Amino acid sequence: AVTYAFQHVHFPSVVDTTISTNVVNLAYGRRISGRMDIVIAAGPKITQIQSAVFGDSTQISASGSFKLHYRFTRASMHLEYKSYNTNGSGYFLGSNVNVGTLTLERPLGRIWEGSTDVGIANNQRLVPASQVVSASSDRYWFAGAAAHRHIGRRYRVFISYQYNRFSFNRAVCSSAGDCGKTSDRQMGLVGVEWYPRPIRLD
């Protein structure tokens, strides 16, 4: 299959910068066995930057993704890699992201399900300067686990925990004067998920 994606990001109140991205990927999927599926996509990515402060430029790079799904007897594994552009998450004026994740899922009895995941994301700024931080890239690590319990057909309760580590390639300072390169966060959640009835479109 051939896929096309367009992204347009505008920063009007900062430096009047616009980032437009065009991506064309050739995708291929195959079931290798009764247990394993893969999907691979790759192609060019054209990033056009228009800025009243930093000037205009065009960047041509590679983009793509890889997905692998493997089913064990009582568990499943998902391995995924993606490369794409984002708005910079408030730190950069746009960034190129490479992210990889590994997820394991397994039933825990008749009505409980468990999952765990680990991953890493690398962000490289697109515009060669930033008014927010002096760093040019950051790295984000995460790992977590969750347990889900079904309540009827429409509801599911869950409890989850996740650890995150965020680091820049050089020290940055806050408005209060505190400087550093890394930040750690731990988060626990308890909640309820609701699944509505399927809606027919025909």
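Predicted model: local features only at pLDDT ≥ 70, side-chain atom pairs only at ≥ 80, totals over all residues.
Residues are numbered from 1 along each chain as its sequence is written, and side-chain values use heavy atoms, leaving out hydrogens and water.

**Stop 1: the whole chain.** Switch to a cartoon view. How many helices and strands does the chain have? There are zero helices and 10 strands; helices are DSSP runs of H or I with at least four residues, strands are runs of E with at least two, and both are numbered from the N terminus. The C-alpha atoms fill a box of roughly 60 × 45 × 35 Å, taken along the principal axes.

Stop 2: Select residues 57-71 for strand 4 and 76-86 for strand 5: they pair in the antiparallel sense over eight bridges (two strands pair if DSSP finds at least two bridges between them). A hairpin links strand 4 to strand 5 through four residues. Look for Gly64, which stands opposite Ser83 in strand 5.

**Stop 3: the largest nonpolar core.** Select Val9, Phe11, Val15, Ile19, Ile49, Leu93, Leu126 and Val127, the eight residues of this core. A nonpolar core is a set of buried Ala, Val, Leu, Ile, Met, Phe, Trp, Tyr and Cys residues joined through side-chain atoms within 4.5 Å. A second, separate core has six residues, including Phe92, Val133, Ala135 and Phe168.

Return to Ile49: leaving out residues up to four places away in sequence, its contacts include Thr17, Gly55 and Gln59 (contact means heavy atoms within 4.5 Å).

**Stop 4: Ser51.** Select Ser51, in strand 3 (residues 36-51). Is Ser51 buried or exposed? Ser51 is buried, because its relative accessible area is 7%. Beyond its neighbours within four places in sequence, Ser51 is in contact with Val15, Asp16, Thr17 and Asp56. Finally, a polar atom of the Ser51 side chain lies 3.3 Å from the backbone nitrogen of Val53.

Conventions
Buried < 20%, exposed > 50% of the residue type's maximum accessible area, 1.4 Å probe, protein only. Polar contact = N/O pair within 3.5 Å; in protein donor to acceptor, adjacent residues only side chain to side chain.
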